[in-house]
Amino acid sequence: MDHLREEYDGELDPAAVDPHAPLQLLTAWIHDAEKAGLSDPTAMCLATLGPDGAPRSRMVLCKGVDGTTVRFFTNLTSDKANQLHADARASLTFWWPDMDRSTRLTGHVTPLERDEVEAYFATRPRSSQIGAWVSDQSSPIEDRNALEAKHSEVHARFHEADVPCPPHWGGFRFHAHEIEYWAGRPARLHDRIRLTHNDGTWTKARLQP
Ligand SMILES: Cc1cc2nc3c(=O)[nH]c(=O)nc-3n(C[C@H](O)[C@H](O)[C@H](O)COP(=O)(O)O)c2cc1C
């Protein structure tokens, strides 16, 4: 893989990292990625702690940035949800490769209220709503045929009726304690600006690349 060498040409204006609106730049970068037509501009890597204390990570979609929080949805009996119920500490990483930008957040999660979950679920495409009933996410299944048989059964069960939000489906609000904005620059002299929350205020620091 040594032949793969990216030249970075991003930019990060330190003035755009506002300690009074710490996630404003994250929102702007997601919009920029969306405008540029990048695929999955809201995709983020969520890291949790497993029962053995070892880190686990996987991709999820950001479904809203609000103040210093980020929300996402998932199956509440999945491995990630079990891990977050046992230990609420988590980390999120966004990466927009074509823009030479990344954002990393450290914090903890709280469960979303049921009415918020149901309101969001109602906006999902029907196929995703049915999928939420089909999948016992993160549990083993014999083979693909067994999964498709479950799908046919759920599809027939709801027929043309509205699909309600399953009790095992929900989401989390991630509360940021530390935020780092990264922009790749030439000669590996990347920009890194970190915001840290302490005693009610956010402090800003430039980090070496
Ligand atoms: C781009 C992308 C977006 C994803 N978005 C979600 C999501 O929003 N929620 C979710 O539960 N799983 C999502 N997944 C699937 C997860 O990465 C993962 O496979 C699944 O949630 C099970 O993870 P767990 O076993 O650690 O709980 C996404 C996967 C990819 C590649």
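Entry 1: I note at the start that the model is predicted. I began with lysine 80, where a polar side-chain atom sits 2.6 Å from an oxygen atom of the ligand. Next I checked how much of the ligand is covered. Taken alone, the ligand exposes 620 Å², and the protein buries 63% of that. I then turned to backbone atoms. A backbone N or O atom of methionine 59 is 2.6 Å from a ligand oxygen atom. For leucine 61, a polar backbone atom lies 3.0 Å from an oxygen atom of the ligand.

**Entry 2: the shell.** I listed the residues around the ligand: Asp40, Arg58, Met59, Val60, Leu61, Phe73, Thr74, Ser78, Asp79, Lys80, Gln137 and Ser138. I sorted them by type and found four nonpolar, four polar and four charged. Which elements each supply at least two residues of this shell? I found strand S2 (55–61), strand S4 (69–75) and helix H2 (79–86). S2 gives the most, with four residues.

**Entry 3: cores.** I looked up the largest nonpolar core and found 32 residues in it. Val70, Phe72, Leu105, Phe174 and Tyr181 have the most contacts inside this core. Elements giving two or more residues to it include helix H1 (24–35), strand S1 (43–49), S4 and H2. Strand S7 (169–183) is also among them. S7 gives the most to this core, with six residues. I also found a second, separate core of 13 residues, which includes Val117, Phe121, Cys165 and Trp169.

**Entry 4: helix H4.** In H4 (residues 126–134), I marked Gln129, Ile130, Ala132 and Val134 as buried. What covers them? The cover includes helix H3 (114–123), helix H5 (144–158) and S7.

**Entry 5: glutamine 83.** I found glutamine 83 in helix H2. Is it buried or exposed? Glutamine 83 has 9% relative accessibility, so it counts as buried; the cut-off is under 20%. I looked for a polar partner. The side chain of glutamine 83 makes a polar contact with the threonine 48 side chain at 2.5 Å. Not counting residues up to four places away in sequence, glutamine 83 touches Thr48, Leu49, Gly50, Pro51, Arg56 and Arg58. Arg58 is also one of the residues around the ligand.

Terms used: Residues are numbered from 1 along each chain as its sequence is written. This is a predicted model: local features need pLDDT of at least 70, side-chain atom pairs count only at pLDDT 80 or more; totals for chains, interfaces and linings use all residues. Side-chain values use heavy atoms; hydrogens and water are left out. A residue is near a molecule or strand if one of its heavy atoms lies within 4 Å of it. A polar contact is a pair of N or O atoms within 3.5 Å; within protein, one must be able to donate a hydrogen and the other to accept it, and residues adjacent in sequence count only if both atoms are side-chain atoms. Accessible areas come from the Shrake-Rupley method with a 1.4 Å probe; for residues, only the protein chains shown count as cover. Ala, Val, Leu, Ile, Met, Phe, Trp, Tyr, Cys and Pro count as nonpolar, Asp, Glu, Lys and Arg as charged, and the others, Gly among them, as polar. A nonpolar core is a set of buried Ala, Val, Leu, Ile, Met, Phe, Trp, Tyr and Cys residues joined through side-chain atoms within 4.5 Å. Buried means under 20% relative accessible area, exposed over 50%, partly exposed in between (1.4 Å probe, protein chains only). Contact means heavy atoms within 4.5 Å.
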